[in-house]
Amino acid sequence: MMLNWEPRYCIYCVQNQVSACCKKSYPEDLKDMDSTKTTEPSAVTFQPGTTRSRFQTAPETEQGPIQIRKMEPQDIEFTGRIIVEAFHDKVEHAVGKSRMEDMTQLFTKILRRSTHLWHRYHVAMYEGKPAGAMVIKFHDDNAIEDFQCCETLSHVGCWGCCGILCMLFAFTDISIGAAECYVDTVGVDADYRGKGIGKALMERADSEARQRGCTSVFLWVKQSNRAVRLYERQGFVITHPFGTWFTGFATGCRDWYNMEKKL
Ligand SMILES: CC(C)(COP(=O)(O)OP(=O)(O)OC[C@H]1O[C@@H](n2cnc3c(N)ncnc32)[C@H](O)[C@@H]1OP(=O)(O)O)[C@@H](O)C(=O)NCCC(=O)NCCS
């Protein structure tokens, strides 16, 4: 069967019902965004066991139990794997168990070339080893990774591609307000969980959001996810539950919470 998908629509085009933007017509502020221009240091070292955000700024080379910094090119494979793992159930529901490795490779490939979004990716190092990752987004960051349907088809097949599209459409009402920060993904390697890395990543989201002048941070989480407790401890409250037959069909889980933290 011949499939002709030209022009290649990315998810940004599909979600926003516009014609192909796959020539990389991302919002202007993203093109101009240069993480090196930020006034905040790229690395923050946390001391675990503290109940408040007691962090000091630190150069990237400084050793500490937990260090959060912007993603660097050498972190891409790790970050791609952690993000797919963080959404393991949802992704497996979308593409099938046998395609999980292909999905990690696909996501890593997309991430490698989505350089315009790298400044939204953060990596947590624990004793110098990559241990966790977080993706945050702000207003106008809806131009997501450089996803191309035909490339996806070649990795995960037709059903896998449909599954991914459904998964992405499940939360169509994610629009990020001008003063909002959206925590898109947070994941910690299974070997490093319970050491305060998730908390440190969430605190980094707060600090990035404050720096940008945001007044709130929000996220979506499965109602059954233990992480709800972590978010509540970090000051998030459940604003409303969300779930339709389509969310269940597309993600394998019908019941989600929207949680928000006022800064
Ligand atoms: C959620 C997660 C990022 C927390 O990272 P962490 O470094 O373990 O978190 P911390 O050590 O700072 O805090 C521990 C809290 O994390 C949560 N947590 C721990 N293990 C978890 C797991 N396997 N799944 C989900 N949440 C978990 C719990 O709330 C825990 O507190 P509790 O022991 O009182 O229940 C991490 O456990 C993870 O990657 N889980 C799987 C992916 C996921 O669910 N991501 C969130 C999607 S919204």
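**Exercises on a predicted model**

Cys181 touches Ile136, Phe138, Ala205, Glu208, Ala209, Cys214 and Val217, leaving aside residues up to four places away in sequence; touching means that the C-beta atoms, placed from the backbone, lie within 7 Å. This is a predicted model, where local features need pLDDT of at least 70, side-chain atom pairs count only at pLDDT 80 or more, and totals for chains, interfaces and linings use all residues. Residues are numbered from 1 along each chain as its sequence is written.

**Exercise 1.** Find the buried residues of helix 4 and say which side they take.

*Solution.* Start with residues 88-95, which form helix 4; helices are DSSP runs (H or I, at least four residues), numbered from the N terminus. Next, pick out the buried ones, with 20 or more other C-beta atoms within 10 Å of their own C-beta: Val91, Ala94 and Val95. They lie on the same side of helix 4 because they cover an arc of only 75° around the axis, taken from the directions from the helix axis to the C-beta atoms. An α-helix has 3.6 residues a turn, so residues three or four places apart point the same way. Finally, look at their partners: these buried residues pack against helix 3 (76-86), helix 5 (100-113) and helix 6 (149-169).

Notes: A residue is buried if 20 or more other C-beta atoms lie within 10 Å of its own, exposed if 12 or fewer, and partly exposed in between; C-beta atoms are placed from the backbone. Helices (H or I, at least four residues) and strands (E, at least two) are DSSP runs, numbered from the N terminus. Two residues are in contact if their C-beta atoms, placed from the backbone, lie within 7 Å.
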